[in-house]
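The structure is shown first.

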Amino acid sequence: MTRFFPRTSINWQLEEPAAIRRFSLWIVPMAFVTGVVIRGVRASMLTNLDQSLTSLGLYYGLTGLLFLSALTAHVGNYPLRKWLWRVPAFAAIEAAAESLASAALISAGREPMGTGIATWSDWSTLAFGGAWYRLAIAIAYGLLLAGIVLLVRTTFLEKEQVEVMEVEGDRETGELRRESIEQVSGAFHRVTK
């Protein structure tokens, strides 16, 4: 008679990621919330603070930190080859969310524009003025971050993997990997000099 149930069973453990990490996996909600929060911070800071250079520097520093932190949290979940479309898409969705938040603030009469309150005629300037700026910053930051990730992977992580291969007995594969790592890191060091 055929046995349908094994005598021993395997206990499977499923690790559920934390709520913030689960949220950071989704590009649309992550970018949308980032855009709304940045527009809210902008409206709050420009309404309540004076127009000094210190205040504006604080605003740009805080919004830049929020934007780049959210972008890093999102793309950090994916391999480098998927960053090619995720970084510009994140910036575009974030800019669209900012423009929608700006429209909501204009309709509520709370969107600051210079020393006054913005009107619907100012919406296109407020909504799309920073979109290209955000896209350029996201792409430049994505390239910088990808370069750092690639450098860390080729110099630190790969050497540990090679050592594990050699210890486990796959010496030939380990030697080939070591040679390829030395070629890549040598080329990288020649380019950076």
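## Helix α4

Helix α4 covers residues 80–108, and its 29 residues, at 1.5 Å a residue, should span 42 Å; the C-alpha atoms at its ends lie 41 Å apart, which agrees. The model is a predicted one.

Within α4 there is a kink of about 35 degrees at R86, shortly before the proline P88. Just after α4 comes G109, which takes a positive phi of about 75 degrees.

## Packing of α2 and α3

Two packed helices are described by the angle between their axes and the distance between the axes. For helix α2 (residues 27–48) and helix α3 (residues 53–75), the axes come within 10 Å and cross at roughly 170 degrees. An angle over 145 degrees counts as roughly antiparallel, and α2 and α3 are therefore roughly antiparallel to each other.

On the α2 side, the contact is made by I27, M30, T34, V37, I38, V41, R42, M45 and L46. The α3 side contributes S55, L56, L58, Y59, L62, T63, L66, F67, A70, A73 and H74. Sorted by class, the residues in this contact of α2 with α3 are 15 nonpolar, four polar and one charged.

## The chain as a whole

The protein chain has seven helices and two strands. From the N terminus on, its elements follow the order α-α-α-α-β-β-α-α-α.

Of its 193 residues, 30% count as buried. Among contacts in the protein chain with a separation of 6 or more, 63% are accounted for by residues 24 or more positions apart.

Conventions. Residues are numbered from 1 along each chain as its sequence is written. This is a predicted model: local features need pLDDT of at least 70, side-chain atom pairs count only at pLDDT 80 or more; totals for chains, interfaces and linings use all residues. Side-chain values use heavy atoms; hydrogens and water are left out. Axes are lines fitted to C-alpha atoms, for helices over the stretch in contact, and angles run from 0 to 180 degrees between N-to-C directions. Helices (H or I, at least four residues) and strands (E, at least two) are DSSP runs, numbered from the N terminus. Angles under 35 degrees count as roughly parallel, over 145 as roughly antiparallel, 65 to 115 as roughly perpendicular and the rest as oblique. Contact means heavy atoms within 4.5 Å. Ala, Val, Leu, Ile, Met, Phe, Trp, Tyr, Cys and Pro count as nonpolar, Asp, Glu, Lys and Arg as charged, and the others, Gly among them, as polar. The expected span of a helix is 1.5 Å times one less than its number of residues. The bend at a residue is the angle between axes fitted to the seven residues ending there and the seven starting there. Buried means under 20% relative accessible area, exposed over 50%, partly exposed in between (1.4 Å probe, protein chains only).
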